[in-house]
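Here's a quick walk through how the pieces of this model touch one another. Have a look at it first, and then we'll start with a helix pair.

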Amino acid sequence: MQVSKQATFEYLLRLGDTALVLGQRLSEWCGKGPALEEDIALTNVALDLIGQARMWLSRAGEVEGAGRTEDQLAYLRDAHQFRNPLLVEQPNGSYADTLARQFLFDTWHYYLLDALRQSSDASIAAIADKAVKEVAYHARRSADLVVRLGDGTAESHRRMQDAIDRLWMYTGELFDADSVDASLIAAGVACSPAALREPWRQQVAEVLEEATLAMPGDGWMQRGGHAGRHTEHLGFLLAEMQFLQRAYPGATW
Amino acid sequence: MTDANTGAIWSWLDAIPDPEIPVISVIDLGIVRGVHWEADTCVVTITPTYSGCPAVTLIREQIVQALGAHGIGQVEVRLQLAPAWTTDWMTARGRQQLAGYGIAPPAQTVIDISGITRRRQPAPKVACPHCGSAHTQVVSQFGSTACKALYRCGDCREPFDYFKAH
């Protein structure tokens with residue numbers, strides 16, 4: 001089945017923007033981590049994600065065929081043109097907020113990439129095959145820390161539970177599919193987001209239980225990332241990330 | 001010179017150190033997939049290690065420079081993503097050199113990506129590169145670069161880098 005170039009481009013932007021925005025968020029911890037080991041870990045995870053974003057966005061530029069590079073896609077689009085889910089643009093908050101976001105994300109990211117290894121699009125399969133190795137490591141680490149903090153002191157338990165509760169409303173859209181997904185799923189290029197839901201829930205439930213944390217009920221879910229409707233936080237993140245290229249167009253080093 | 005045989009080129013590549021871990025060559029690191037000629041251009045195909053590893057850019061430049069120094073004017077370094085790089089491709093010599101440099105080589109074969117359930121993940125047994133003791137513990141899951149974790153030896157008390165299985 002033939003898939004449209006536009007759909008593949010959109011899908012690659014979703015993958016690339018998701019990794020890029022979270023990579024940028026995590027890099028905000030550089031030099032400020034609560035312990036040296038955590039500082040190093042978060043910036044290394046950021047590095048992996050930015051590396052993955054480069055591969056997705058380079059490929060997006062090739063597929064689009066308009067001559068846009070990974071840098072142009074990263075630095076010269078405005079917030080409404082970004083296609084990441086709202087979860088990854090949420091502020092770092094406390095360390096519990098950062099870890100809760102990372103755990104909910106890493107778990108989803110692992111199942112997503114694992115499924116995309118079977119993509120009928122050879123480039124997508126190759127990038128997923130490479131990235132899933134890094135992300136399996138991230139997912140184990142963030143699960144481990146959620147358990148340590150959840151089943152830690154009364155204070156760390158309370159903060160971790162608050163963070164999970166607060167971020168829960170951003171997990172719903174991770175499993176949404178729209179018309180872009182539909183055509184790509186039919187062609188075997190994309191995986192079904194809905195199919196990731198059960199394994200994600202199972203793993204999240206298992207880790208939260210071990211962490212002595214309660215799994216939140218599904219209430220109102222915030223949506224809009226895939227359509228470019230973002231929370232107010234993304235604009236601030238982009239302002240910092242894009243400043244240099246906006247102020248000095250074409251600057252290189 | 002455009003007709004250097006590929007065997008000679010492999011040996012020249014073997015003299016290019018990894019920029020972050022200069023005791024091992026890019027060959028020992030297991031990232032060089034192939035060397036061939038396309039008309040007057042020498043094409044070297046490499047597999048990047050970690051997606052965000054900044055050393056990859058430097059390695060590409062070093063390859064062009066090193067082969068240029070041997071008289072090959074036109075070099076193209078191609079990146080090949082699939083199959084993904086794994087520490088299983090490091091040579092036995094590379095592993096020995098890592099250990100001699102104070103970095104524990106990968107203790108397992110390729111990272112298990114078949115699942116992320118915590119209950120199935122025993123930590124790898126890593127031997128101390130200084131005293132050989134198996135009595136070691138992880139201090140940090142990431143070290144000075146993305147490919148390493150930080151460990152400490154319970155016997156000689158020295159901290160050391162561990163090159164993670166990937």
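## A crossing helix pair

In chain A, A:Ala7, A:Thr8, A:Glu10 and A:Tyr11 of α1(A) meet A:Val180, A:Ser183 and A:Leu184 of α7(A). "Meet" here means contact, with C-beta atoms, placed from the backbone, within 7 Å. Helices are DSSP runs (H or I, at least four residues), numbered from the N terminus. By class, this contact has four nonpolar, two polar and one charged residues. Nonpolar covers Ala, Val, Leu, Ile, Met, Phe, Trp, Tyr, Cys and Pro; charged is Asp, Glu, Lys and Arg; the others, Gly among them, are polar.

α1 (residues 5-27) and α7 (residues 179-186) of chain A pack at about 110°, with axes 9 Å apart. The axes are lines fitted to C-alpha atoms over the stretch in contact, and angles run from 0 to 180 degrees between N-to-C directions. α1(A) and α7(A) are therefore roughly perpendicular (65 to 115 degrees).

## What you're looking at

This is a predicted model: local features need pLDDT of at least 70, side-chain atom pairs count only at pLDDT 80 or more, and totals for chains, interfaces and linings use all residues. Residues are numbered from 1 along each chain as its sequence is written, while chains are lettered from A and ligands numbered from 1 in the order in which they are written.

## Where the chains touch

Chain A puts 30 residues in contact with 19 of chain B. On chain A's side, α5(A) gives the largest share, 15 residues. That side has 15 nonpolar, four polar and 11 charged residues.

Key
Two residues are in contact if their C-beta atoms, placed from the backbone, lie within 7 Å. Helices (H or I, at least four residues) and strands (E, at least two) are DSSP runs, numbered from the N terminus. Angles under 35 degrees count as roughly parallel, over 145 as roughly antiparallel, 65 to 115 as roughly perpendicular and the rest as oblique.
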